[in-house]
Amino acid sequence: MEGSGAVIRTHSFLERSLVNGPGERSVLWVQGCHLDCSGCFNKASHDRAGGCDRGIDEILACVPRDVRGLSISGGEPFLQAKACADLCVKCRARGLDILVYSGMVYEDIVARGDPDSLRLLRNLDYLIDGPYKEAEAARHPWAGSGNQRVLCLEQGLVKSELVGTELFSAGAYTQSEITIASDGTIIYTGFQ
């Protein structure tokens, strides 16, 4: 594993969120996506030249000690699988659980056989997979559209799939939050 020299092209970071996975967690949005999903709420994260490079130790230092985990979204995290896997290893060593949003489907990620992508999968607790499809209503409060699955992983293998009705009452699929940073920046996250 690369040490503090590993960098992730980053779109933005939020120290605390309650709508991007289980419990209170930090959220990292990576920069760069090739999928161009219609209706994507975060098109500013698509250009690979955008954002800025941040070291994984710098990112980890921004994660508060009392949060449950880290969610990595995008952009597309699997375009930076090696550095994201390095970050996940360090997060897990700190006792954090890891959730990744990917526009790619789990089976396709595995079939590609890319060692860095497989290593990233092995270090996840949850994968929300599949491209965002604006016309399909979400089935789970952590997913943006109905085709997306919330997969519980163990050592990179699918242990189970969470369906919203297993955890939440009907109508709870519209979770969002607005955060106003100390510099006045407004961050909107979650799903409507």
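Predicted model: local features only at pLDDT ≥ 70, side-chain atom pairs only at ≥ 80, totals over all residues.
Beyond the residues up to four places away in sequence, Ala6 touches Arg54, Gly55, Ile56 and Asp86. A separate distance relates Ala6 to Asp53: the two C-alpha atoms lie 9.6 Å apart in space, while 47 residues separate them in sequence. Asp86, one of the residues touched by Ala6, is also among the H2 residues that meet helix H4.

## Packing of helices H2 and H4

Helix H2 covers residues 81–93 and helix H4 covers residues 115–122. Their axes are 8 Å apart and form an angle of about 25 degrees. Because angles under 35 degrees count as roughly parallel, H2 and H4 are assigned to that class. The handedness of their crossing is left-handed.

On the H2 side, the contact is formed by Ala81, Lys82, Cys84, Ala85, Asp86, Cys88 and Val89. These residues meet Asp116, Ser117, Arg119 and Leu120 of H4. By residue class, the contact comprises 6 nonpolar, 1 polar and 4 charged residues.

## Ser145 in the E6–E7 loop

Ser145 is located in the loop that links strand E6 (126–129) to strand E7 (149–154). Its relative accessible area is 1%, so Ser145 is buried by the criterion of under 20%.

The side chain of Ser145 makes a polar contact of 2.5 Å with the side chain of Asn147. When neighbours within four places in sequence are set aside, the contacts of Ser145 are with Pro131, Tyr132, Lys133, Glu136, Ala137 and Ala138.

## The protein as a whole

The secondary structure of the protein consists of 5 helices and 10 strands; H2 and H4, described above, are among the helices. The protein has 192 residues, of which 51% are buried.

Among contacts with a sequence separation of 6 or more, 65% are between residues 24 or more positions apart.

How values were computed. Residues numbered from 1 in each chain as written. Heavy atoms only, no water. Helix = DSSP H or I, 4+ residues; strand = E, 2+ residues; numbered from the N terminus. Buried < 20%, exposed > 50% of the residue type's maximum accessible area, 1.4 Å probe, protein only. Polar contact = N/O pair within 3.5 Å; in protein donor to acceptor, adjacent residues only side chain to side chain. Contact = heavy atoms within 4.5 Å. Axes fitted to C-alpha atoms, helices over the stretch in contact; angles between N-to-C directions. Parallel < 35°, antiparallel > 145°, perpendicular 65-115°, else oblique. Left-handed = near helix turned anticlockwise from the far one by under 90°. Nonpolar A, V, L, I, M, F, W, Y, C, P; charged D, E, K, R; others polar.
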